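Q: I'm new to this structure and would like to learn how to read it. Could you walk me through a few features?

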Amino acid sequence: MPAATPDLAQRRVLELPRDASGVVVGAAGSGKTETIVQRVRRLVADGLPPDGILVLTPTRHTATALRDRLAMTVNVATRGALARSLSAFAFAVVRAAVVHEGANPPQLLTGPDEDQILHDLLDGDAADEADAPSRWPAWIGPDIRATGAFRAELRAFLAECLTLGIDAERLADLGVAEDREAWSAVASFALDYQRVRASMRADHRDAAGLVREAVARMREAPAGGILERLRVLIVDDAQELTAGGVELLEACRARGIAVLAFGDPDVGSGGFRGAGPENFARLAAGTALHVLDGAHRGTGFQRDVLAAVTARIGATGVVDHRRAPQGAAADGSVRAHALRSVSEEADTIARFLRERHVHDGVAWHECAVIAHDTRQVAALEGDLAARDVPTAGTAGRPLADRRAVRDLVQLVLMAAQTRNLWSPEAVTAALTGAGIDPVALRRLRATLRHDAARSAGDEPIASGAELLASGLEHPIEFETLDIREGRRAARVGRAIARLREQLADDATAHELLWTVWEETGRSRDWPQTAAGHGPVAEQARRDIDAVVALFQAAKRHGERGDGTGPLAFIRGILDSDVAEDRLAVPPPGAAVRVLTPAAALGTEFDTVVVAGVQDGVWPNLRTRGSLLDTWRLASAGEPVPDAVDRRRAVLHDELRLFARAVSRARCRLLVTAVADDDTGPSGLFEFLPPALPAPAEAAHPLSLRGLVAAHRRTLTTPGTSDAERDAAAGQLRLLAEAGADGADPEQWYGVADPSSPATVAQAGTLSVSPSRVQTLEVCPLDWVIGELGGDAGSTVAGVGTLVHSALEVTDTADEYRLWAAVEARWGELEFEAGWRERAEKARTRDLVRRLAAYLRDFDAAGGTLLSAEPRFSVPIPDPDGAGVTLNGFIDRVEHDGDGTVVIVDLKTGKREPQTDAKVADHPQLASYQLAFEAGAIPAARGLAGGGAKLLVLRPTAASKVYVTPRQPPFDDETRRAFLERLAAAVRVMRGEGFVAPFEQHCRDDHTYGLCRIHTVRAVSAT
């Protein structure tokens, strides 16, 4: 914030003596941080060496932001940073004392490292329970202890014990005295945890224990290190101090160091970790209290909203700084929106931010979006990036939440496993993670199947998943395909082989991950993508950031030397629910910050959006630490507060979070929520102006893509005036000249000329398939897409193929033999999920039951099977003289009990004709009858014809097991009519264009025709 003339209250603080200690309290925007900066400047100007001053903040991120500001203000060289986090200060104190004693310097245990130790110990407990009694209560079973939520609560519990000075022995005594068996279990667990910590190569401390040790060192050790030079200690955001932090400041004050603490207990966010307003009140007790009552941020109406929120917070601790609302008139600086869906909420936020950037000239880094929790932050970060709003999330997220990280570490785990342990999902993830998109993966799978079919002979063909796994095991199988996808997949297979070699040579986790990064091509492809522009480049940059954090964690694992191998580290990354505690590079200037209220500490922005303020989400009234009763540690031995008081305390914590969020804005504040059938806006909306629906312009994202779409919509919308069309066309021309994607009509769908004037039918004799004649008659476009390879098939079609095959190879009506034939080839099918496979298997079992019933009835009626799956080829008249043949296979040729030949076509679908009238002109049955009359079925020659029929195994009538609608034998009229239909079909096949009967077929949601992908509305019409 630029330097401003201090108000009267600020001047009083600035003019305090150098050795003055006290507490400065002020509402958000009262100028606390600016006063700190000016206080440091004045102290240096008055002759105090900069090395004698230190500013403490609760987090490293806020310390990083403040130290640069202080350095520019002081403008003199210093030995170290003028601003540090409280943990960094405690570490410096402990390190100086330890080094003075001649011991090895300590190291700080990060959150993920601590989580991994807890995870391993809890897994050990679960294994031990197989042979010995459990130390944990029965209601905290292995399944509960295996969750990340339990480990998070256990970490918080152990940290609270350290803060309160409760060791394992004291905790065990409290467990007995309070009749809390969970505390006794944690006491026993804590001893094991301490033994593991003690066995590490280096001397490690965690954050909570570090502060407690620093307090003890300051009370006992002589002056030295940082304490020798320190004269003035200034604390920013002191409302975030835990009891240990307060004791550390008290110890400093006891050593004669002046401590001046600034804070606002109404915007504290550390209640869940013991940083309640009571600690700030303890710090203020017995010392001078100074109140900053000026207003240096936000509009009058924004300050009134904040005052209304803080007035609802309990009066625990210091409240001298609270302001009463001044009755400022609504000025548009605060808006609330209740939207119909999450998508509409993202559209509205994106439009609002782009208006501020494009229309009002507000830089992206001067905008922020604040949401209640990291789950919402992650979703908003992606949603806004997809809407052309550059985002930079700073909320902590576990590494495994990033797809890029999961793909890297899972490939290492695959290399450590034998092929039979690879799941189809893991194989697919290994290939897609290496840059093979789903379309390319399908092409690779199809090529493998075709290649396998050529060499399989009569042997069953392996499924696509099995062929992919085999290729990863033996990369040469991919390389011999000689296609781009095969070469990329082979690279993944070679990476797995190299990883196995490294695992055998005891490589470190860092070396294994580097092999994946290099061998799979990510080291080349990702930086190239990240150098571009747009959402894809933004995602690539986020992925690279996550991978850098992964490599840093792997490096620390190798340096820590805790006795665990690289695979334990890899599994720990996947299992950990704790974000990497690292000093990240500050977000880029050209990006909107997406934050939680906790991460918004010490920030301010021109424009702030508080998103997702839903009922049940904000405020979240679930009490924290309820499983282990962490909240009871501080008051053990005292009466237990009732549930209402605890819930009230949680509500006040949630109000503090909301107060912090809405107080970050200088000019504009937008609060959003979704109001639909399932959820609605939070009660916090009562502090805001009446909620509005989405503005009409929210549908237009105010980006180049949105502008192009809007003008194209104007051109194609019926009823648009000529003047509007002319204006839209003129704007599109300007955008096209500027190179905007999609503005040039040459890029529009459906505008380009056909890629080739050649006909689909090749020169020479035309082959006509009976099964495709009906498709062509219904929709020529559907037919030609299938002929050109556009039909990828489906699981349902695959099931039908297996049932047909069982009917062909089984010469009995035995249901179990039929099912065995189906099961022998079941592995050829691929399913999206296990439940889909189970459902299809049950449906197929029912089809086999119905088929067996038909075969039994056929045998009982005296029928005889003449032939199964005979192939036929029949020349038919061709007006053009080029030659046409009717080619196909017949499912069954039966000799009925009455001595006639009946041709049977098996159908396993549910939309087949089921009456004689419906199949009277069925082209597929007619084709088979034509083949019979031409003598193209050797087994039926010389026998009387009895027509043809369908065998439908899924009749609509629930009372029927199957139905057999029958087509009578040809007479002269029906034969002539069918030959004319074939001639008409041949003319269509040889044509240059194919009509889509949109009204009758293509737009029907129940036809599942291939033509639907080509008859959706054009991009220019949406």
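Q: How many residues of strand β1 (residues 22–26) are buried?
A: A strand here is a DSSP run of E with at least two residues, numbered from the N terminus. Buried means under 20% relative accessible area with a 1.4 Å probe, counting protein chains only. In β1, five of the five residues are buried, so the strand is largely enclosed by the rest of the structure. This is a predicted model, where local features need pLDDT of at least 70, side-chain atom pairs count only at pLDDT 80 or more, and totals for chains, interfaces and linings use all residues. Residues are numbered from 1 along each chain as its sequence is written, and side-chain values use heavy atoms, leaving out hydrogens and water.

Q: Which residues cover each face of β1?
A: G22, V24 and G26 are buried on one side, and V23 and V25 are buried on the other.

Q: Which strands does β1 pair with?
A: Two strands pair if DSSP finds at least two bridges between them. β1 pairs with strand β8 (residues 288–292) in the parallel sense over five bridges, and V23 stands opposite L289 there. Strand β7 (residues 258–263) also runs parallel to β1, joined by four bridges; in β7, L260 is the bridge partner of G22.

Q: Is I876 buried or exposed?
A: I876, which lies in strand β17 (residues 871–876), counts as buried because its relative accessibility is 9%.

Q: Which residues is I876 in contact with, leaving aside its neighbours within four places in sequence?
A: Contact means heavy atoms within 4.5 Å. On that basis, I876 touches V884, L886, L930 and L982. I876 and L982 are 106 residues apart along the chain, yet their C-alpha atoms are separated by 8.5 Å.

Conventions:
Buried means under 20% relative accessible area, exposed over 50%, partly exposed in between (1.4 Å probe, protein chains only).
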